[in-house]
Amino acid sequence: MEKKIGFIGCGNMGKAILGGLIASGQVQPGQIWVYTPSPDKVAALHDQYGINAAQSAQEVAQIADIVFGAVKPNIMIKVLSDVASSLNKETLVVSIAAGITLDQLARALGHDRKIVRTMPNTPSLVNAGMTSITPNALVTQEDIADVLNIFRCFGAAEVIAEPMIHPVVGVSGSAPAYVFMFIEAMADAAVLGGMPRAQAYKFAAQAVMGSAKMVLETGKHPGELKDMVCSPGGTTIEAVKVLEEKGFRAAVIDAIEACMAKSEQMSK
Ligand SMILES: NC(=O)C1=CN([C@@H]2O[C@H](COP(=O)(O)OP(=O)(O)OC[C@H]3O[C@@H](n4cnc5c(N)ncnc54)[C@H](O)[C@@H]3O)[C@@H](O)[C@H]2O)C=CC1
Ligand SMILES: O=C(O)[C@@H]1CCC=N1
């Protein structure tokens, strides 16, 4: 890709995108400009990746063809309002903020702006991200292809209608946190069974990754894959019974329902 890419804000999620993009080799570090208020952190990113360190958010807005707004949701509107007049007419602005709608973004940037609202997740850092993309009406098919291409450098990406952002946050944006909790809990159990901790994380994480791959690659229903593990009178069905007794599925559904509700509330 030939375009210049800018980051305003580059913390956990910005770095995941930046790192994934550079690792893919599709964008050279010299095509990327980064601004955060901490010159030390930008210098560290320059040293690590070779990206250009910008002196201001306005500089990023002036130079880049595609500008990522990667700051916390509570300051996104202020930060984008401050750069609105520095953007070129054709610049594409990509927001990754949870809870900030296309309409709110257009009010900050101007209603003639090309804006894409996205919801990525941190596994982007290891080439296994999942990102949703919602363009506004001014975004062209070519722009959409560019944005999909960027996010597909380090994972999967799909276009969704804006209201689907809430399920996306629940099942993908926030989901790594609960999966890490699941892995941690499984490893704790293995430690209880006498396994050294480092080895326990490896077994637990590999089991989760392999199971996810089976869902994606076999196309089989997750219930069928579960049944394949449960030998009659065996060990697995004992664990399944306890999980059902403890309300495992209901706990997961309730948790994601709370996540979706918060996402909706943040959008108001
Ligand atoms: N962490 C996650 O798993 C996900 C986060 N998001 C979204 O990503 C966005 C960023 O989240 P994180 O990366 O986790 O936050 P973070 O706190 O790690 O990073 C925020 C970045 O913004 C910079 N910053 C602070 N004030 C600034 C300003 N005035 N101008 C320019 N830069 C400024 C900080 O220096 C830092 O680089 C949020 O809007 C969040 O909703 C979306 C999906 C997943
Ligand atoms: O917790 C949050 O608000 C962000 C959005 C998705 C993941 N982290």
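A polar contact is a pair of N or O atoms within 3.5 Å; within protein, one atom must be able to donate a hydrogen and the other to accept it, and residues adjacent in sequence count only if both atoms are side-chain atoms. One such contact, of 3.0 Å, joins the side chains of lysine 114 and glutamate 90. Lysine 114 belongs to strand 6, residues 114-119. Strands (E, at least two residues) and helices (H or I, at least four) are DSSP runs, numbered from the N terminus. Lysine 114 is buried, at a relative accessible area of 8%. Buried means under 20% relative accessible area, exposed over 50%, and partly exposed in between, with a 1.4 Å probe and protein chains only.

The model is predicted: local features need pLDDT of at least 70, side-chain atom pairs count only at pLDDT 80 or more, and totals for chains, interfaces and linings use all residues. Residues are numbered from 1 along each chain as its sequence is written, chains are lettered from A and ligands numbered from 1 in the order in which they are written, and side-chain values use heavy atoms, with hydrogens and water left out.

Ligand 1 is surrounded by 21 residues. The closest are Cys10, Asn12, Met13, Val71 and Ala98. A residue is counted here if one of its heavy atoms lies within 4 Å of the molecule. By class, the shell holds 15 nonpolar, five polar and one charged residues. Ala, Val, Leu, Ile, Met, Phe, Trp, Tyr, Cys and Pro count as nonpolar, Asp, Glu, Lys and Arg as charged, and the others, Gly among them, as polar. Helix 1 (12-24) and helix 4 (73-83) each supply at least two shell residues. Helix 4 gives the most, with three.

Backbone atoms also approach ligand 1. A backbone N or O atom of valine 71 lies 2.7 Å from an oxygen atom of the ligand. For cysteine 10, the distance from a polar backbone atom to a ligand oxygen is 2.9 Å. For glycine 11 it is 3.2 Å. Taken alone, ligand 1 exposes 830 Å², of which the protein buries 77%. Accessible areas come from the Shrake-Rupley method with a 1.4 Å probe.

Ligand 2 is surrounded by Ala98, Met119, Gly173 and Ser174. Alone, ligand 2 exposes 240 Å², and the protein buries 49% of that. Its shell has two nonpolar, two polar and no charged residues.
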